[in-house]
Amino acid sequence: MSETTAFSSTVSAPNSVKASNGILVVTIDNAPVNATSADVRTGLERALSHAEAAADVTGVVITGAGKTFIGGADIKEFGKPAVEPTLPAVIEKIEALSKPVVAALNGVALGGGLELALSCHYRVASAAAQVGLPEVKLGIVPGAGGTQRLPRLIGIPAALDLIASGRSAKAEEALSLGIIDEIASGDLLEAAVSAARKLAGKPLRRTGELTAATADPAEIKKASAKILAKSRGQKAPAEVVRLVTSSTRPFAEGLADERATFLALRDSREAAALRHVFFAEREASKVEGLESVEARPVSTIGICGLGLMGSGIAVAALGAGYTVIGLDQTPEAAEKGRERIIDLLERNLASGRLDQTGFEARKAKLSVTASDADLAPCGLVIEAVFDDLAVKTDLFRRLDKVVRPDAVLATNTSYLNPDEIAAATAYPGRVLGMHFFSPAHVMRLVEVVRCAKTAPDVLATGLAVARKLRKLPVVTGVTEGFIGNRIFSAYRREAEFLLEDGALPHEIDAALEDYGFPMGLFAVYDMAGLEIAWARRKRQAAARDPSIRYVEIADTLCEAGRFGQKAGRGWYAYPEGKKAIDPEVTAIIEAARAKKGITPRTFSKDEILRRLLDAMAAEGEALLAEGIAARPGDIDLVMINGYGFPAYKGGPMFASN
């Protein structure tokens with residue numbers, strides 16, 4: 001028995017080791033994503049030490065079991081002190097090995113997985129492999145050499161793009177950039193073992209010893225400025241820019257700086273917030289009562305109403321491989337809806353997000369009609385018609401007559417009571433809410449509404465379809481506005497109270513934008529248009545409790561024809577299409593204060609934020625107490641993915657702690 005054979009027999013999970021004609025093949029098998037846990041790192045270190053010392057080993061191949069090479073760090077170690085051996089130590093041992101180490105990328109190599117691969121002397125990938133350094137999405141930077149090795153391998157501009165965005169590159173792009181050296185045309189392990197044999201006894205290319213290719217300083221400056229502008233005050237992207245652009249310094253100095261930066265960011269509030277969001281997404285998929293419930297099969301989706309919302313839902317459904325049948329009131333309206341859907345697909349084609357084959361495939365799966373009966377083949381029908389109870393209940397009664405009894409019916413209502421819509425049907429158990437956000441083919445969030453009589457497998461179906469659409473489904477109970485709009489209403493009320501109390505729209509917007517919102521509240525109102533909310537307030541006026549504080553400023557703006565950007569004036573004026581503070585609005589606000597005898601005071605940005613965040617959190621607590629939302633994290637996900645709350649602040653519930 002050779003010493004390598006003897007060593008292989010002593011290795012325990014999660015790594016396995018076998019010899020292949022002098023090449024030690026180490027397979028990481030740590031389900032579900034082959035994370036670099038302490039056990040994995042220990043096993044790797046032992047295998048490398050053996051390979052260095054064993055006379056019968058001429059090289060090493062590192063690969064992963066299943067469809068993943070290494071998916072990143074072990075989430076159980078998030079936010080905890082590092083356990084020896086650290087990943088940087090293992091990676092340095094790989095790079096320094098006197099014998100060739102080849103990475104065989106059988107699938108995704110993310111975060112520490114790519115950092116480990118970068119330290120290998122050669123990289124072979126399957127066609128299905130993807131690589132990336134997504135740490136910035138968790139508020140940190142790569143901590144095991146990624147910001148120093150990647151620019152040495154592919155240049156500073158390309159490294160900046162990948163690391164600061166956190167995006168993944170598929171095998172072909174990774175090859176063209178120089179991240180990998182070869183895409184295996186046949187068996188991946190055979191190709192990797194062959195590469196290790198060829199490299200044995202030859203000088204090895206160690207990534208840390210390379211010099212980053214010279215780049216145009218103006219190009220680097222432009223790319224850095226773009227990243228910093230987009231990051232809106234986040235720390236991690238700014239640190240990525242600093243570390244990558246300084247990768248021309250001595251390698252050891254860069255590694256030490258990167259590690260210190262990683263550790264400092266890991267313990268920051270920003271990273272804690274993004275970890276909270278990461279775990280909240282995992283928890284959101286766990287719905288009480290659905291543990292062993294199977295979704296109903298759905299291959300064809302009907303969409304009623306082919307306006308902007310319905311068309312967006314159709315594009316998302318076609319992208320997920322569903323057959324789509326669109327319904328509108330008349331043949332002419334249906335055809336216009338079809339044209340709208342095709343136009344959205346053509347935009348994706350023009351932008352490169354969709355190729356010609358994919359475009360034709362989606363187009364072939366789309367049909368439109370003005371006849372209810374044509375929806376008979378559908379396993380799920382989603383209505384996206386005008387948000388009026390009579391309109392929606394009439395539609396659902398008609399659908400009862402044409403779709404099969406096991407088909408699921410979903411309402412996309414924003415504010416109406418879906419229990420009332422379900423009650424109008426013959427089978428209320430098959431009805432649920434699927435509240436999409438506009439534009440539906442872009443926005444990730446779907447509030448999946450569990451009605452009073454929604455059957456468990458119907459709820460499971462809504463969740464399964466939403467996930468297949470690449471959406472983030474969050475379950476909510478029935479209440480006016482569900483989770484998101486109910487919190488938004490509380491937040492809007494508090495902003496209007498602030499107006500009466502002394503703040504001005506641009507001051508509130510500035511506080512929100514400085515905090516990280518992409519747009520201030522009043523700027524959003526102007527962009528969306530003020531008249532729809534005004535009509536809703538007028539409908540509710542008769543039932544409004546006169547003892548509850550009500551701010552009339554928005555109504556006064558609408559009465560003056562100030563409906564937002566499209567009218568050229570709203571909360572702001574828009575001379576030549578550009579937003580400007582309008583003294584007329586200030587005068588309207590001052591008159592409203594005087595009418596109520598309110599003496600205005602000034603507010604700092606911190607005071608404005610505190611009141612708005614407290615209002616959101618208080619409404620969130622009420623939703624939890626009422627059982628409308630299952631977890632604080634669900635509320636945070638809704639506000640982040642549907643209402644622009646900055647993810648790196650963790651959401652209103654996290655921010656309130």
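I began with helix α22 and looked at the face turned away from its buried side, which carries the exposed residues I532 and R539. I take exposed as over 50% relative accessible area, buried as under 20% and partly exposed as in between, with a 1.4 Å probe and protein chains only. Helices here are DSSP runs of H or I with at least four residues, strands are E runs of at least two, and both are numbered from the N terminus.

The model is predicted: local features need pLDDT of at least 70, side-chain atom pairs count only at pLDDT 80 or more, and totals for chains, interfaces and linings use all residues. Residues are numbered from 1 along each chain as its sequence is written, and side-chain values use heavy atoms, with hydrogens and water left out.

**Helix α22, continued**

I listed W534, R536 and R537 as buried in α22. Seen down the axis, the buried residues fall within an arc of 160 degrees, so they line one face of the helix. The arc is that of the directions from the helix axis to the C-beta atoms. I found α23 among what covers these buried residues, with contact meaning heavy atoms within 4.5 Å.

**Rings**

I noted 12 aromatic pairs in the structure. Rings of Phe, Tyr and Trp (its six-membered ring) pair if their centres lie within 6.5 Å; planes under 30 degrees apart are stacked, over 60 edge-to-face, and the rest tilted. W534 and F563 make a tilted pair, at 6.1 Å centre to centre and 35 degrees between the planes. W534 belongs to α22 (residues 531-540) and F563 to the loop between α23 (553-559) and α24 (583-596), so the pair ties together parts that are 29 residues apart in sequence. W534 is buried at 16% relative accessible area, whereas F563 is partly exposed at 25%.

I also recorded one aromatic cluster, whose members include F437, F488, Y515, W571 and Y643.

Next I checked charges over rings (NZ of Lys or CZ of Arg within 6 Å of the ring centre and within 35 degrees of the ring normal). The charged end of R536 sits over the ring of Y415, 3.7 Å from its centre. K579 lies over the face of Y572, 4.8 Å from the ring centre.

**Helix α20**

In α20 (residues 505-515) I found P505, I508, D509, A511, L512 and Y515 buried. They cover an arc of only 160 degrees around the axis, which puts them on the same side of α20. They pack against α19 (484-501), α21 (521-528), α24, α25 (605-625) and α27 (652-655). G516 follows α20 and has a positive phi, near 130 degrees.

**D634**

I located D634 in helix α26 (residues 632-643). D634 is buried, at 2% relative accessible area. Leaving aside neighbours within four places in sequence, D634 is in contact with A284 and V474.

**Hairpin**

I looked up β1 (residues 15-20) and β2 (residues 23-28), which pair in the antiparallel sense over six bridges; pairing requires that DSSP finds at least two bridges between the strands. The bridge partner of S20 in β2 is I23. The two strands form a hairpin with two residues between them, and N21 in the turn has a positive phi of about 50 degrees.

**Cysteines**

I counted zero disulfides, a disulfide being a pair of cysteine sulfur atoms within 2.5 Å. C304 is in no disulfide, and the nearest cysteine sulfur, that of C378, is 8.0 Å away. C304 is buried at 1% relative accessible area, and C378 is buried at 0%.
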